[in-house]
Amino acid sequence: MLSAYGICAQTPSSRRASIEEVLELSQIESITSGIAESLMARVSALAGDLSSEEQTHLRSAMSHGFIQDDLRSDIVEFMSVEADDDLVADVLEKLRTGATSKIRRIEDAYSPSQSLEEYVASVEVSMPSGERVNLIGRWAAARSTGDFYIILAEAERETAHEVLRALRGGDAPAFVALSRAEYDREHESQTRMAVLSLLYRFESVSDELLKEAIAEYESESGQWYIETYTFGIAEAVWLAGQRVAHQLSEDIG
C-alpha cells in the first residue's frame with residue numbers, strides 16, 4: 001500500500017537506512033564529535049580537583065563510551081522507534097532537494113567578508129530590517145533552536161554528575177535540573193545568540209527561500225524531525241554516559 005507521499009511502507013532495515021541518511025544530511029557529526037570533550041570539561045569542573053589517575057581513568061572510559069558509530073547508532077535507534085514511514089520519507093525528500101537543502105548549499109559556498117564577531121559589532125551599529133530579524137526568529141522557533149541547546153546541555157550536565165559518581169564511588173553532588181525560570185532565561189539567551197548567528201550565516205539567503213524552508217520545518221514532518229533528532233541526541237548522550245560509568249566501575253572497582 002502506498003503512503004500519503006507515494007512511498008511504499010519501509011521495512012525496519014530500510015527505515016534505519018533512511019534515518020541514517022537524514023542524519024548524514026543533517027551533518028550530525030558536527031554536533032556529536034564535540035560531546036566527549038565537552039563532557040570531560042563538565043566532569044572536571046564539577047569535581048574541581050581531579051587527580052592525574054582519575055583523569056587517566058576518565059579519559060580511557062570516555063574513549064570507550066563515546067565512539068562516534070555508537071552514538072550515531074543510538075540516535076538512529078531512537079528515531080526509528082519514534083518513526084512514521086511517511087514522515088521519514090518527507091523529511092528525507094526535503095533534506096535532499098527542498099528549500100532546506102538549497103540553504104545548506106548556499107551556506108556551504110558562502111565566504112563572508114567579516115568574522116562573526118565583526119558582524120555582531122556591525123549589527124549593534126546598523127541592525128538588519130525588522131522583517132529580516134523576524135524571519136530569522138521564525139526559523140529559530142521552527143527548529144526549536146533554543147530548546148535544542150538547552151536539552152543537550154542538560155543531558156550533558158546530568159551525565160557529568162553520573163560519571164563523577166562512578167569515578168568516585170558515589171561521592172558527587174546530586175544533579176539539580178534547571179527551574180522553569182532558569183530554563184526561560186537560558187532559552188531567551190540561546191535564541192538571541194542563535195538569531196545573531198543565523199543573520200550572519202544566512203546573509204546570502206533570500207527571504208523567499210527562508211520562508212520556504214521555515215514552512216518545511218513548521219510542517220508535521222518537520223516538527224517530528226526536530227523533536228526526534230533533539231531527543232535522540234539527548235538519549236545517545238545518556239546511553240554513552242552509562243557506558244562510561246560502567247567502564248569506570250570495572251576499571252576502579
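Asp207 pairs with Arg132 in a salt bridge, with 2.6 Å between the closest N and O atoms; the term covers a side-chain nitrogen of Lys or Arg within 4 Å of a carboxyl oxygen of Asp or Glu. Asp207 sits in helix α12 (residues 207-218) and Arg132 in helix α9 (residues 130-142), so the pair ties together parts 75 residues apart in sequence. Helices here are DSSP runs (H or I, at least four residues), numbered from the N terminus. Arg132 counts as buried at 12% relative accessibility, while Asp207, at 25%, is partly exposed (buried means under 20% relative accessible area, exposed over 50%, partly exposed in between, with a 1.4 Å probe and protein chains only).

The model is a predicted one: local features need pLDDT of at least 70, side-chain atom pairs count only at pLDDT 80 or more, and totals for chains, interfaces and linings use all residues. Residues are numbered from 1 along each chain as its sequence is written, and side-chain values use heavy atoms, with hydrogens and water left out.

In all, the structure holds 18 salt bridges. Another of them joins Asp85 to Arg15 at 2.7 Å, N to O. That one also links distant parts of the chain, with Asp85 in helix α6 (residues 85-97) and Arg15 in helix α1 (residues 12-25), 70 residues apart. Asp85 is buried at 16%, and so is Arg15 at 18%. Within helix α12, Glu208 bridges to Lys211 at 3.5 Å; the two are three residues apart, which means about one helical turn.

As for Trp139, leaving aside neighbours within four places in sequence, its contacts (heavy atoms within 4.5 Å) include Ile103, Leu198 and Phe202.
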